[in-house]
Amino acid sequence: MIRIRKQQEIPASLQVESCSKYDGDDVREALYNDHHGKCYLCEEKTGKSFQIEHLRPKAEDCFPELKYSWPNLFLSCPYCNGRKSNKLDQIIDPTTVNIEDQIEQRVDFGKNKISFHTPLNSEPIKQTISLLDKLMNGESGLRDFKCKTLYDNIGREVNFFLSLLIKYKKNKCEENRQAIMDSLTIEKEFLGLKYWIIKDNAALYDEFKEYMIWNKVS
């Protein structure tokens, strides 16, 4: 999970009087473009099956007043949207925080899990980590088929990225360097995990940090 940047202009369908639809074509197009076709939670490409997700739950006992609010709408895959509980009503707003800096995100192949750590202890941080852990590691560490599929996809992409780094370490030619840069572009999947692979190596971080600024706002 990384920071998201959304367009400031509110889609026209959300500005009509007595708005009754939060997933108009203009909203869907704007979010798809802003998110580069990726789920804002798991960072996997959504394809044509994306959904519009409410950061703050739209249920009547939660935040019904935000149902049609542009800042509250995000692009999500059906898997993540279906498993984000209304109880998690304070997760980090990814348009306001450099999440990839605040939450350490790593694949631990030895333990067959994805770990999330932070020195911070706010409720939004705790809820965000709880959600990410549930989405990627399953309930109590047990993955059903959909969760396992996501984990396997993450594993393939991370292993491919690691192979690029190993190849570059053996031969620091421009072609190998460019391959790493290409794998770090905003359109690519699972950048939060790639970020921490790079950040954990001082030499690599010094060399590639300028390609991982993405949506950061100074």
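Me: What volume does the largest cavity have?
Reply: This is a predicted model, where local features need pLDDT of at least 70, side-chain atom pairs count only at pLDDT 80 or more, and totals for chains, interfaces and linings use all residues. Residues are numbered from 1 along each chain as its sequence is written, and side-chain values use heavy atoms, with hydrogens and water left out. A cavity here is a set of points, on a 1 Å grid over the protein atoms alone, where a 1.4 Å probe fits but cannot get out; points are joined across faces, edges and corners, and the volume is the space filled by probe spheres set on them. For the largest cavity that comes to about 70 Å³.

Me: Thanks! Which classes of residue make up the lining of the largest cavity?
Reply: Lining residues have an atom within 4 Å of a cavity point, and among them here are Ile2, Ile4, His35, His36, Tyr40 and Asn215. Ala, Val, Leu, Ile, Met, Phe, Trp, Tyr, Cys and Pro count as nonpolar, Asp, Glu, Lys and Arg as charged, and the others, Gly among them, as polar. The lining therefore sorts, under that scheme, into five nonpolar, three polar and three charged residues.

Me: Is His35 buried or exposed?
Reply: His35 sits in the loop between helix H1 (25-34) and strand E1 (51-54); helices (H or I, at least four residues) and strands (E, at least two) are DSSP runs, numbered from the N terminus. Beyond its neighbours within four places in sequence, His35 is in contact (heavy atoms within 4.5 Å) with Ile4, Lys6, Tyr40, Phe74 and Leu75. Buried means under 20% relative accessible area, exposed over 50% and partly exposed in between, with a 1.4 Å probe and protein chains only. At 3%, His35 is buried.

Me: And what is the phi of His36?
Reply: His36 is in the loop between H1 and E1 and is partly exposed, with a relative accessible area of 26%. Its phi is positive although the residue is not glycine, with a value near 55°.

Me: Which helix gives the most to the lining of the second largest cavity?
Reply: That cavity holds about 50 Å³ of space. Its lining includes Met1, Cys42, Phe190, Leu191, Gly192 and Leu193. The top contributor, with three residues, is H7.

Me: How many residues of H7 are buried?
Reply: The buried ones are Leu191, Gly192, Leu193, Lys194, Tyr195, Trp196 and Ile198. They pack against several elements, including strand E3 (104-108), H5 and helix H8 (202-208). H7 is largely enclosed by the rest of the structure because the buried count, out of nine, is seven.

Me: At what angle do the axes of H5 and H7 cross?
Reply: Axes are lines fitted to C-alpha atoms, for helices over the stretch in contact, and angles run from 0 to 180 degrees between N-to-C directions. The axes of H5 (residues 145-170) and H7 (residues 191-199) come within 10 Å, and they cross at roughly 30°.

Technical notes. On a 1 Å grid over the protein atoms alone, a cavity is a set of points where a 1.4 Å probe fits but cannot get out, and a pocket is an open set with protein on both sides within 12 Å along at least five of seven lines; lining residues have an atom within 4 Å of a point.
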